[in-house]
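Colleague: I have just opened this structure for the first time. Could you show me how to read it?

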Amino acid sequence: MNENILTVDHIVMQFGGLKALNDVSFNIERGEVHALIGPNGSGKTTMFNVISHVLEPTSGEVFLDGESLKKTKKYAVNRLGIARTFQHVSLFSNMTVEENIMCGRYSNTHQGILGAIFKTPAERREEEEIRQRARDEMKFVGLDDVADTKAKKLPYGDQRLLEIARALASDPKLLMLDEPAAGMNPSEKEHLGSLIRQVQAKGISVLIIEHDMKLAMSISQSVTVLDHGIRIAEGTPEEIQNNDKVIEAYLGKKV
Amino acid sequence: MFFQLLVGGIELGCVYALIALGFSLIYASSGLTTFAQGEMFMLGAFMIYTFFMMARLPFAISMLCTIVFMGFFGAAIEGGLISPLMKRGASGMNIVLATIAISTIMSNAAMLIWGAGSFNFPSIFGSKPIHIGSVYVTGQQIAIVVVSLLCMLLVHFFMTKTKLGIAMRAAAMDQTAASAVGINVPMTYALTWALACILAAVGGIMLAPIYNVYAKMGALVSSKGFAAAVVGGYGNMYGAMVGGLLLGIIETMSAGYISSSIKDIVCYVVLIAVMFIKPSGIFNGKVVN
C-alpha cells in the first residue's frame, strides 16, 4: 500500500501564452484532509481539473495510489476512485435528489443493458442496492426529507450537499471538493465541517479548495498554497498561517 | 367522417412522432440537429425490403435484422463522422450541413444499390378494411399505431427506468458532471444516434406497405418530423410524441374537410402560430425530463 493516495508530479498546464500551473508538485497522504488554497486566479480549480482529467496537462503526471492516470479515460477516473464536486454546482437539474445520487453510484455497478431491459434478478438486486445506497448518502448529508425534489428546486446550500452525496455514492478513495462552503451561511458551514470530518473518519482522503480560511484551517492536516500557478508553500495549517510568502501572496508585500 | 379521419391522422401522426423523437433525442443529448432522419426512415424501409422480399427471411427476423443494422448504422455515423467533426471544432452549423450531405449521399446511394424504382411491400398485418362502427381500419393501420405507441413506451421506459437511459439523460443535462460520476459521455451520444435511427427505421418499416419503398421516400416524413419535434418542444421527448400526433391529425383533418392540396399549408401555418404563441413548443423545449 502506498503512503500517498495522490501524487501530483511536476504538472504544467499552459493555455496559449499563459502558464496556469507552473511545475506544481505535491502529495496527499492517505486518510488526510488536504487543503489547496491561494488567491483568486492562482490555479486551484485548474489543478482540480487536471487531477480529475477534465483537462490534460501540458506536461507532468498525476498518480492515484501509485498508478499513473495518464492513460485513463476521462470518465474512468471516477471508477478508479476519484470523485469531485464543482465550483459552480453541476447537478442533473431535472432529476430528483435520489436520482442524482443514484447516478453517482452507476460507475460501481456491473449489470449491463440486457439485464436492464429484461429485469433479471441480478439487475433487480443491484437496483435495490443502488437505491439503498442513495438513501444512506441522503441521510448522511441530511437531505433524506427531499428525496423526490428536483435538484434545481433545492436551495443553494443543499445543492452543494447533494453534489457531495453524489460524489460519495461512488465509494471514492479521494474526495475532491471545490469551494464547498461558497454561498453557505455560518451554520451550514459548521454542518459541512462536521460532514468532512465524518468522511475522513470513513477512511476517505479529502482534497479541498476553500476560501473560508477558518474552515479550511480547522479541518485540514496539511495545506498546499498556490500563487500565480506556482506552489509557494506546503505544511501544516499552523506553519502556513505563519509563512511570510503566504501572507505576502494574500496581503501584498510588507513595506 | 370525423372518426375515419381521426384514425388516419393518428396513424400518420404516430410515424411523425417516431421521426420527431429521433430529432429531439439527438438535440437533447448533444445540442445538435440532424437532417438525415428522413433518410434513416428510407434506409429502414429498404433494409426490411432486402431482408424480407429479397432474402426471403421471416418477417420477425427481417425486422430484428433491420433494427440491429440501423442501430449500428446510427452509432457508426455518430462515431465515424459527427464526433470526429466535433473534435476538430465543428460548429452546430457544420453538423447540420454534414447531416444534409449524409442524407443526399444516402438517397443517391440507395438509388444506385436498389434502383430508381418504387417497390411494393406487402401488408404483413392485412390490408383488408375491417369495419368498426362507421369506421374502416386495416390491420396495417392498427399495427402502425400499436407498434409506434409501443416504441414510445419503450423509449420512455428505457430513458427513465434503466441505468443506461438515466445515464443518457444525465449526460444530456450536464456533460462535465456526468463524466465526473463515471458516465462514458461519448458512448451516450453514439447510443442516442443508434436509438434515433432505429425509431426512424421502425417508421419506415411500418409505412412501407402504404407508400411503397423508394429512394426519395425520406421526404414524406423528414420536414414533418422536424416540425413535430419543434411544435412539441424541441429536445423534449414527450413533446415530440404529442407534436407528431397533433401534426398528423391536423394534416389528415384539413385534407378531409378542406382539400388535400391545402393540408401542408394548414400544417405549416399551425407551426408558425405555435412559434408565435409559445416559442418553446407545447412542452418546454430542451427539457430532458
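This is a predicted model: local features need pLDDT of at least 70, side-chain atom pairs count only at pLDDT 80 or more; totals for chains, interfaces and linings use all residues.

Modeller: Gladly! Now the case here: β4(A) and β5(A) form a hairpin with 2 residues between them. In the turn, D65(A) has a positive phi of about 55°.

Colleague: How many bridges hold β4(A) and strand β5 of chain A together, and in which sense do they pair?

Modeller: The pairing is antiparallel and runs over 2 bridges. To find the place on your screen, look for L64(A), which stands opposite E67(A) in β5(A).

Colleague: In which order do the strands of that open sheet come?

Modeller: The order is β2-β1-β4-β5 in chain A, 4 strands with antiparallel pairing. β2 (18-29) and β5 are the edge strands, each pairing on one side only. Helix α1 (residues 44-51) of chain A packs on this sheet and touches β1, β2 and β4. The direction of α1 makes about 65° with that of β2(A).

Colleague: Which way do side chains point along a strand?

Modeller: As a general idea, side chains in a regular strand alternate between the two faces of the sheet.

Colleague: What about the open sheet of 6 strands?

Modeller: Its order is β6-β7-β8-β3-β9-β10 in chain A, and the pairing is mixed. β6 (82-84) and β10 (230-235) of chain A have a single partner strand each, so one side of each is left without a neighbour in the sheet. From one strand to the next the twist averages 20°. α1(A) packs on this sheet as well, touching β3 (33-37), β6, β7 (174-178), β8 (205-209) and β9 of chain A.

Colleague: What happens around β10(A)?

Modeller: Strand β9 (residues 222-227) of chain A pairs with β10(A) in the antiparallel sense over 5 bridges. L226(A) stands opposite R231(A) there. Helix α10 (residues 244-251) of chain A packs against β9 and β10, and its direction makes about 130° with that of β10(A).

Colleague: Stepping back, how many helices and strands does chain A have?

Modeller: Chain A has 10 helices and 10 strands. Its radius of gyration is 19 Å, close to the 18 Å that the globule rule gives for 255 residues, so chain A is as compact as a globular protein of that length. Buried residues make up 43% of the 255 residues.

Colleague: Is α3(A) mostly covered or mostly open?

Modeller: For burial, we count a residue as buried if 20 or more other C-beta atoms lie within 10 Å of its own. By that count α3(A) is mostly covered, with 9 of its 9 residues buried. The cover includes α5 (121-141) and α6 (156-168) of chain A, together with α6 (163-173) of chain B.

Colleague: How many residues of chain A are in contact with chain B?

Modeller: 24 residues of chain A are in contact with 20 residues of chain B. The elements giving two or more residues to this side of chain A are α2 (76-80), α3 (97-105) and α4 (113-118). The residues of that side divide into 10 nonpolar, 9 polar and 5 charged.

Note on methods: Residues are numbered from 1 along each chain as its sequence is written. Chains are lettered from A and ligands numbered from 1 in the order in which they are written. The radius of gyration is taken over C-alpha atoms; the globule rule is 2.2 Å times the number of residues to the power 0.38. A residue is buried if 20 or more other C-beta atoms lie within 10 Å of its own, exposed if 12 or fewer, and partly exposed in between; C-beta atoms are placed from the backbone. Two residues are in contact if their C-beta atoms, placed from the backbone, lie within 7 Å. Ala, Val, Leu, Ile, Met, Phe, Trp, Tyr, Cys and Pro count as nonpolar, Asp, Glu, Lys and Arg as charged, and the others, Gly among them, as polar. Two strands pair if DSSP finds at least two bridges between them. Axes are lines fitted to C-alpha atoms, for helices over the stretch in contact, and angles run from 0 to 180 degrees between N-to-C directions.
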